[in-house]
Amino acid sequence: MMKKVLSVIALALTGCLLFASCSPQSEPSASSSANSTASAGATGSGGAGPTVPDQPVNWAPVIDADGTYHFGVGRTEFTGKLLTDFTDGTINTTSSYGEYKFEDGILKVYANGSFADAYDNITGGLADGDYANAVYVGVRVHNNNDEPAWFGLQGDNIFLGEKGDDVIIAYDNGRAYATTVEYKTTRYCAMLPANFEGNILIPLSRLYSGTDMNASTAWTDNRTPWTKLGFHVNCEENNSVDFRYVFLTNETLPEVEPVPENVDFNITNPE
């Protein structure tokens, strides 16, 4: 009798082993290091655009000797051409509104709880840009405030239009978003979130000759090269907003999601 019971148990165990060996196994999760150099368009969010990379990245500025400016959106690298690092041309820090300082190659703008306004912080040294083919103007910026700052690039009759293609903010850690554009102090400005450090990428199709795009001429209608640039900032706090480089790029950038609310933008590896 005991032999019979043992035989039945043995048969049952054999059946279980056979079933386990034939059952489909769950697929292994992708290695976090398998795609350390992801191809263009890869994203870690599954949404529209590379808003959250699946691995930490560092898009701190890299500029080649010929002026090629390397920057990133998500995990994808793009290039542009440096327009100014404020070493050529004439620097002007005089303004009736706010305060401007030029220190260690950085244009520091203080809104002092209100706004700073200038149209000629840099004059000259801007002639070498590929204005005929450029799609975006990029500005390297660091908002040192714990509140959002609002930025408008201006100069030779150029102002940000109310509507148009997305203005992209690209963090050094790879996060990228379509930022908010709102009317601030007689003009439209793009939001720089609290403590933002990276590149803001403004579509040139969104620049107009006046603050009212509906009563103005689009810059892309004639693509006149710029001779001066000013950096308008609105901010409720008193710390500086720092500008380091301006560049042009003819790259087609990926679609990105709108900037979310209540998110820790400084997380390096959010996944």
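Predicted model: local features only at pLDDT ≥ 70, side-chain atom pairs only at ≥ 80, totals over all residues.
Which residue in S16 does valine 141 stand opposite?

1. **The opening pair.** Valine 141 stands opposite glycine 198, a residue of S16. Strand S9, residues 136–143, pairs with S16 through 7 bridges. The two strands run in the antiparallel sense.

2. **Another partner for S16.** Strand S12 covers residues 168–171. S12 and S16 are joined by 4 bridges, and they also run antiparallel. Look for isoleucine 169 here. Facing it in S16 is isoleucine 200.

3. Follow isoleucine 202 to see some of its surroundings. Beyond its neighbours within four places in sequence, isoleucine 202 is in contact with Val135, Tyr136, Val137, Phe151, Leu153, Leu160, Val167 and Leu207.

4. **S18 is enclosed too.** In strand S18, residues 228–235, 7 of the 8 residues are buried. So S18 is largely enclosed by the rest of the structure. Cysteine 235 has a relative accessible area of 4%. Buried means under 20%, so cysteine 235 counts as buried.

5. **The partners of S18.** S10 pairs with S18 over 7 bridges, antiparallel. S7 and S18 pair in the antiparallel sense over 2 bridges. S8 and S18 are also antiparallel, with 2 bridges. Now pick out valine 233 in S18. Alanine 116 stands opposite valine 233. Phenylalanine 151 stands opposite valine 233 as well.

6. **The largest nonpolar core.** How many residues does the largest nonpolar core have? The count is 47. The residues with the most contacts inside this core are Phe151, Ile200, Ile202, Trp226, Leu229, Phe231 and Phe243. The elements that give two or more residues to the core include S9, S12, S16 and S18. S15, residues 187–192, is also one of them. S15 gives the most, with 5 residues. Apart from this core lies another, of 14 residues, among them Val73, Ala176, Leu201 and Leu253. As background, nonpolar side chains tend to be buried together in soluble globular proteins.

7. **A buried asparagine.** Is asparagine 121 buried or exposed? Asparagine 121 is buried, at 0% relative accessible area. The residue lies in the loop between strand S7 (115–116) and strand S8 (122–123). Leaving aside neighbours within four places in sequence, asparagine 121 is in contact with Thr90, Ile91, Asn92, Tyr100, Leu107, Leu229, Gly230 and Phe231. Compare sequence with space here. Asparagine 121 and glycine 89 are 32 residues apart in sequence, and their C-alpha atoms are 9.8 Å apart.

8. A search of the whole structure finds 0 disulfides. Cysteine 189 has a relative accessibility of 0%, so this residue counts as buried. Cysteine 235 is buried as well, at 4%.

Methods
Residues numbered from 1 in each chain as written. Heavy atoms only, no water. Pairing = 2+ DSSP bridges. Buried < 20%, exposed > 50% of the residue type's maximum accessible area, 1.4 Å probe, protein only. Contact = heavy atoms within 4.5 Å. Core = buried A, V, L, I, M, F, W, Y, C linked by side-chain atoms within 4.5 Å. Disulfide = S-S within 2.5 Å.
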